[in-house]
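This report covers the surroundings of a ligand and the packing of some helices. Please look at the sequence and the structure below before reading on.

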Amino acid sequence: MYPDYMAESLRKVAQTRPARLELARKPDPVYPPMSAEERRAVLEGFHPDFEASARRPVRVGPNRDESLTTEVSDLLESHSWLRSNQVNLDKPDFETDLLIIGGGGAGCNAALVAMKEHGMRSIIATKLRMGDANSMMSQGGMQAAVSRTDSPTRHYLDAIGGGHFENKPELVRALTEDGPGVVKWLEDLGVCWDKQQDGALKVMHGGGTSRKRMLSCRDYTGAMIMRTLMDEVRNHPDMITVKDFMPAVELIMDDKGRCAGAVLYSLDSEEFFTVKAKSTVIATGGYGRLHIRGYDTTNHYGATGDGLVMAYRAGAKLMYMDSVQYHPTGVSFPEQIAGFLVTEAIRGAGGQPLDKDGELFVYPREPRDIEAAAIIRECVQNGGGVTTPSGRVGVWLDSPLIDMLHGEGYTEKHFPAMYRQFIQYGIDITKLPMLIYPSLHYQNGGIEINEKCETDIPGLYVAGEASGGLHGRNRLMGNSVLDYNVFGRRAGRYAGEYARKVKLGKLSLAHLDAYEKELKDAGVKTDLVTPVLLPSYAPEDVKKRQLLRGDNTLPGSTVLQNRLHEERSGA
Ligand code: MEZ
C-alpha cells in the first residue's frame, strides 16, 4: 500500500482522471509531442548522459582519448584477474568449434544456428545459469514489421530516427529485414505470440513507432522466448554443451592475432579452465549492474559489462560507449522493487505519466531518452514529483485508465507480470497508479560489429546488447528483443562458417601483458579488477572488512587472493 501521506496526491490523480480519459478516447495526442528544439533542450538539460561528470576520456586501448561514460572508462582502466602465464595454454581443458560466452537469447540463437546451418558444436559458457539474463526479463514485446500496413523500410526509418540518425545503417537494415523471419523462426520453435480473434498476430505501439509493430506474449515476452530457445538448446546435448556458473574472464588469442577461445572461471571450484575454440561469440549482454550515475536498474544481476572489457583488452573497438539508456518507467515505490521495469507497453495501452497534482506533463510515447529526461525535469526542476519514504522520487503512471479504455479485466489479462509485481505489495494497478522514475535499462553502445557480427578481431563475433552501432545513441522499445534474435542467429551463421575453415596457431594471453603495460605507461592507478562478474551490494562497513579490494571482490577467488597477497607482501 502507499503511505498515508501520498493520499492527497492520489486523490488529485483520481480527480483529473475523467477529463484525461475523455482526451485519451479522442484520436489526437493526449499531450503535445515535443518539437525537435524542445527535445534537444530537455535532453541537454536533464538526461543523465549530459551531466558534467557523465563522461571522461579513456586513457588506454583502442578507443584511447575518446570520451566514454565515466563508469565505462573506469571499467576499461582496470586490471585482469589473470596473468599471461597463469594458465597452461598448451593443454586446453576443452576444445570446441564455437565458444559462446553468455547464455541469454543471443547465445542460444547462435548455438542453434551454428548447429543447424553448419553442423558446428558449441560450448555455451554462462556466468549463472542458462537464461539468467536480461533477455529473460524483457516484458513489453519485440518489434517486427509483420502487419499489412507496415514494412521493414518503415521499421528502418523509425529505428534510425529514434537513434538520432547515428545508427550504423547496415545493421539497422539487417535488423529490420530479418525481423519477419525471426517471428516465424520463434513461432516454429514454439513461441505463442499474442493473436487477434482472426488468428493474425497482435501488434501494438511503442515509443517512436509510426506503425503498430510490437509483438508480445502478454508481458512475459522475454520469458516465453527464452523458455523456447532453452528447450531447443537442451534438445541437442550432443551438439551444445552448457557450462553453468562458468563466466569467461579473458579471451585467448593465437599467434596470428585471431581469437581462439577464452579462459573460464568456475564459481563452484574457484579454478580457471581454458577453452580452445575456432570461433568465439560474445553474448554477455549489458552493464546495468554498474549502476551508472547511481541509478537503480531494470537489469539482471549478472549484467556487469564483462564482454566489453574482455574484447577491449584483446583489441576490439567500442562504439557509442558514451550513451546510456534510462527506461522512463522504473519502479520508484515500493522500494523493495525499486528500479524494476514497468513495461513501456503500459503507456502504449493508454497509461499516462502525471505529476503530483495529477496533471499530464509529457506526451506518453516520446522516444525513451526524451521521455526519461522529461520525467527527471518534472521531478528535479518543476518539483512535480512525489517523494518516497526513503527519499526516492517519482511521478505517477496512471494505469487504471487502461481498463477504462479497453474494458474491465484487460490489465490483468494483458499485463499479468505487472499486476503481480505490484499486488504482492498491496497495490492494485487497476485501481491505483504506479509511482515510477527512470531506471538504468540498456547499454546503447558496445563492441563495434558489422552485419555479420564480425569485430576487428578475426574469429571474434558479438551479438545482442554487448554490441554497438545498431541503435545509435537511443534504442526504441522492442528492438533489443529483435536484436538478440537477429544478431544471435547471424553470429551463429557467420561464426559457424568461419569455424569450418580456420586453422588456429599457438595460443597466447600476451595481450594481457601488453594491456597491463599500457595502463602503467598511461599512469593509471586503480584497484579495480575486471570483469566485475557479480556486483557487490555489501554495505560500506562490510566492504572494509572484505579481504580483497573493497567493492570488487570475485567471490571465493582463492587464486587471485593469493596472488595479490603475495604482491602486497612483496613475496
Ligand atoms: O525493449 C525493451 O526495452 C522493452 C520491450 C521494454 C519494455 O518496456 O517492456
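## Ligand contacts

In this predicted model, a polar side-chain atom of Arg-475 lies 2.8 Å from an oxygen atom of the ligand. For Thr-343 the corresponding distance from a polar side-chain atom to a ligand oxygen atom is 2.6 Å, and for His-441 it is 2.7 Å. Thr-343 and His-441 are also among the residues that come nearest to the ligand, together with Gly-140, Glu-344 and Gly-478, out of 13 residues around it (a residue counts as near if one of its heavy atoms lies within 4 Å).

## Helix α8 against α15

Helix α8 (residues 221-234) packs with helix α15 (residues 479-501) at an angle of about 15°, the axes being 12 Å apart, which makes α8 roughly parallel to α15 (angles under 35 degrees count as roughly parallel, and 65 to 115 as roughly perpendicular). Gly-222, Ile-225 and Leu-229 of α8 make the contact with Val-481, Tyr-484 and Asn-485 of α15, where contact means heavy atoms within 4.5 Å.

## Helix α7 against α8

The axes of helix α7 (residues 169-189) and α8 come within 9 Å and cross at roughly 65°, and the two helices are therefore roughly perpendicular to each other. Trp-185, Leu-186 and Leu-189 in α7 meet Ile-225, Thr-228, Leu-229 and Glu-232 in α8.

## Basis of the values

Residues are numbered from 1 along each chain as its sequence is written, and side-chain values use heavy atoms, leaving out hydrogens and water. Because the model is predicted, local features need pLDDT of at least 70 and side-chain atom pairs count only at pLDDT 80 or more, whereas totals for chains, interfaces and linings use all residues.

Definitions and conventions:
Axes are lines fitted to C-alpha atoms, for helices over the stretch in contact, and angles run from 0 to 180 degrees between N-to-C directions. Helices (H or I, at least four residues) and strands (E, at least two) are DSSP runs, numbered from the N terminus. Angles under 35 degrees count as roughly parallel, over 145 as roughly antiparallel, 65 to 115 as roughly perpendicular and the rest as oblique. A polar contact is a pair of N or O atoms within 3.5 Å; within protein, one must be able to donate a hydrogen and the other to accept it, and residues adjacent in sequence count only if both atoms are side-chain atoms.
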